[in-house]
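Here's a quick briefing to read alongside the model. Have the viewer open and follow along.

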Amino acid sequence: MLEEIKKMPKIVLHLHLDGSVKLSTALKLSNLTMSEVQEQMVAGDKCPNLTEYLTKFDLPISLMQTKNNLKLIARELGENLKKENVIYAEIRFAPIFHTRGGLSCDEVVEAVLDGLSEVPMVKTNLILCFMRGLDLESNLSTLKTARKYFKKGVCALDLAGDELKYPLQDYQTLLKQVGNIPLTIHAGETFKAQAVKQAIAMGAQRIGHGIKAINDEETLDMIKKHNILLELCPTSNVQTNAVDTYVNHPILKFYQKGVPISINTDNNTVSNISLNAEYFKLYQTFHFTLDDFKKINLMALNHAFISPQEKELLYKKIQ
Ligand SMILES: [Zn+2]
């Protein structure tokens, strides 16, 4: 089965660039030892909470402050996607976090696009993240960059960060200004189902995680009615304690209820899992078949933030 999974053409919709920096690259770019790099970048099988999990981004972000490093890290992620037989990926990060060394948000995005362009076999787009906990002005600079590069490498916006500390309603003024740029929001990951409803009401076309919706019929109805896709990342959800164990992850229930879903790792390095390994775990735990995986990839493609023409080409590759 693992061999078949590896060969299968896959779509990725939820992948953080800063959470997917190769350990060997972090080792090269920092003056730390391998065990220090591992300790600082890889979350254990169980973190006490999401807040703890999010500390694993400090080191990689500190290393992503120059054009060269951003380009290198983006290229390496592209190469990794190619190795995993991903045919289309939406890669996300918060450009504002990479401006400490003097780069502008525009320069950050250009460096990342530059790196990805070196792996043309994998089609990619960027999702720029607004961050919970940042002031309106900082998030508005991300919006400005997103507008400039929209349909030129940037396909959407996201709201990421700690939803327990920073509730969605604090970002209403910001999200109202998104305009015609597609929006996905991290919601209902560790907080409650209502957060998912709120995110949809605030314009999200997809939801990052959204797993808390499983126990709330009203939220499930709203997800289906608005044809919202849940970007699921099962291993990451166990690590952040959003679910207690892998076997209790609601992915199969969502699938059986006909909720659009996609399969993702969230963070290849922080979550210490490859995409193919995530698929294999799903097969072992829930007995998803290759046909199920194909259907899920078609759902993902349907909800990708690209044009119908672009979808058509990728659709043929999956079929
Ligand atoms: Zn995420």
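Which residues touch the most other members of the largest nonpolar core? This is a predicted model, and in it Val112, Val196, Ala199 and Ile261 come out on top among the 97 residues of that core. As a bit of background, nonpolar side chains in soluble globular proteins tend to be buried together.

**Overall build**
- The chain has 16 helices and eight strands.
- Its radius of gyration is 18 Å, close to the 20 Å from the globule rule for 319 residues, so the chain is as compact as a globular protein of that length.
- Along the principal axes, the C-alpha trace spans about 50 × 45 × 45 Å.
- Buried residues account for 50% of the 319 in the chain.
- Of the contacts with a separation of 6 or more, 74% link residues 24 or more positions apart.

**The sheet**
- Eight strands make an open sheet, running S1-S2-S3-S4-S5-S6-S7-S8 with parallel pairing.
- S1 (10–16) and S8 (261–263) sit at the edges with a single partner strand each, so one side of each has no neighbour in the sheet.
- On average, neighbouring strands here are turned by 25° against each other, ignoring direction.

**Around S5 and S6**
- S5 (residues 183–187) pairs with S6 (residues 206–209) in the parallel sense over four bridges, and Ala187 stands opposite His209 in S6.
- Helix H10 (residues 193–201) lies across both S5 and S6, at about 165° to S5.
- Leaving out residues up to four places away in sequence, Ala199 touches Leu168, Ile185, Ala187, Ala204 and Ile207.

Technical notes. Residues are numbered from 1 along each chain as its sequence is written. This is a predicted model: local features need pLDDT of at least 70, side-chain atom pairs count only at pLDDT 80 or more; totals for chains, interfaces and linings use all residues. A nonpolar core is a set of buried Ala, Val, Leu, Ile, Met, Phe, Trp, Tyr and Cys residues joined through C-beta atoms within 7 Å. A residue is buried if 20 or more other C-beta atoms lie within 10 Å of its own, exposed if 12 or fewer, and partly exposed in between; C-beta atoms are placed from the backbone. Two residues are in contact if their C-beta atoms, placed from the backbone, lie within 7 Å. Helices (H or I, at least four residues) and strands (E, at least two) are DSSP runs, numbered from the N terminus. The radius of gyration is taken over C-alpha atoms; the globule rule is 2.2 Å times the number of residues to the power 0.38. Two strands pair if DSSP finds at least two bridges between them. Axes are lines fitted to C-alpha atoms, for helices over the stretch in contact, and angles run from 0 to 180 degrees between N-to-C directions.
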